[in-house]
Amino acid sequence: MSSRFSSLALDAVDVNAQAAFWTQALGYRIAEEFDGGLGLMPENGVVGPPIDIIPVPDAKTAKLRLHIDLVPEGCTQQEEVDRMLALGAVRADVGQGPDVDWVVLADPEGNEFCILSARDQDGG
């Protein structure tokens, strides 16, 4: 017996703003509404887990212990960082050193995520 991955849950004060950011960032669509939250699913041809954006009353207060790593597709790491910044992400410092080959960003509510380097595109 084991468990099956169902979805990634993301708390948000502004559910609609978070949904707008992540649908554009990942090529997802809003698939369902539930109890004030939104379920996001990949669009046709996009691979990734479902994301449930759950309403909460309080803003994020500390570094996340779990985060999303993203790999650019069809562009360079810098082009993807620039695209995410244009969507509303900001650069984040979680203590990474200057020699890392990933870029740490945060979504509009401060949830950290990483844009990996081109070498990570093939899983290596």
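Predicted model: local features only at pLDDT ≥ 70, side-chain atom pairs only at ≥ 80, totals over all residues.
**Stop 1: the whole chain**

Show everything as a cartoon. The protein has two helices and eight strands. Follow the elements from the N terminus and they run β-α-β-β-β-β-α-β-β-β. The radius of gyration is 15 Å, close to the 14 Å that the globule rule gives for 124 residues, so the protein is as compact as a globular protein of that length. Along its principal axes, the C-alpha trace spans about 45 × 35 × 35 Å.

The protein exposes about 7800 Å². Carbon and sulfur atoms supply 51% of that area. Of the 124 residues, 32% are buried.

**Stop 2: helix H1**

Select residues 15-26, which form helix H1. This helix has 12 residues. From its first C-alpha to its last it reaches 16 Å, close to the 16 Å expected at 1.5 Å a residue.

Which residues of H1 are buried? Colour Val15, Gln18, Ala19 and Phe21, then Trp22, Thr23, Ala25 and Leu26: these are buried in H1. Step just past the helix to Gly27. There the backbone takes a positive phi of about 75 degrees.

**Stop 3: the aromatic rings**

The structure holds three aromatic pairs. In this one, the ring centres of Phe21 and Trp22 are 5.0 Å apart and the planes stand at 90 degrees, so the pair is edge-to-face. Both Phe21 and Trp22 are buried.

Phe113 is buried, as is Phe21. Keep the three side chains on screen: ring pairs link Phe21, Trp22 and Phe113 into a cluster.

**Stop 4**

For one of them, select Lys60 and Glu112. These residues form a salt bridge, and their closest N and O atoms are 3.2 Å apart. Lys60 lies in the loop between strand S4 (51-55) and strand S5 (68-70), while Glu112 is in strand S8, so the pair ties together parts that are 52 residues apart in sequence. Are the two partners buried or exposed? Lys60 is partly exposed, with a relative accessible area of 30%. Glu112 counts as buried, at 12% relative accessibility.

**Stop 5**

Move to residues 77-87, helix H2. Show Glu80 and Arg83. Their side chains meet in a salt bridge, at 2.9 Å from N to O. Why are Glu80 and Arg83 separated by about one helical turn? They are three residues apart in helix H2. An α-helix has 3.6 residues a turn, so residues three or four places apart point the same way.

Check the cover on each partner. Arg83 counts as partly exposed at 31% relative accessibility. Glu80 is buried, with a relative accessible area of 10%.

Now select what surrounds Glu80. Not counting residues up to four places away in sequence, Glu80 touches Ala25, Pro72, Cys75 and Ile115. Ala25 is one of the buried residues of H1.

**Stop 6: Val81**

Step one residue along to Val81, also found in helix H2. At 0% relative accessibility, Val81 counts as buried. What is Val81 in contact with, leaving aside its neighbours within four places in sequence? Select Arg91, Val103, Leu105 and Ile115 to see these contacts.

Finish by drawing a distance between the C-alpha atoms of Val81 and Ile115. They are separated by 6.8 Å. Along the chain, the two residues are 34 residues apart. Ile115 also touches Glu80.

Methods: Residues numbered from 1 in each chain as written. Heavy atoms only, no water. Phe/Tyr/Trp six-rings, centres within 6.5 Å; stacked < 30°, edge-to-face > 60°. Buried < 20%, exposed > 50% of the residue type's maximum accessible area, 1.4 Å probe, protein only. Helix = DSSP H or I, 4+ residues; strand = E, 2+ residues; numbered from the N terminus. Salt bridge = Lys/Arg side-chain N within 4 Å of Asp/Glu carboxyl O. Expected span 1.5 Å × (residues − 1). Contact = heavy atoms within 4.5 Å. Rg over C-alpha atoms; globule rule 2.2 N^0.38 Å. Areas by Shrake-Rupley, 256 points an atom, 1.4 Å probe, with all protein chains shown as cover.
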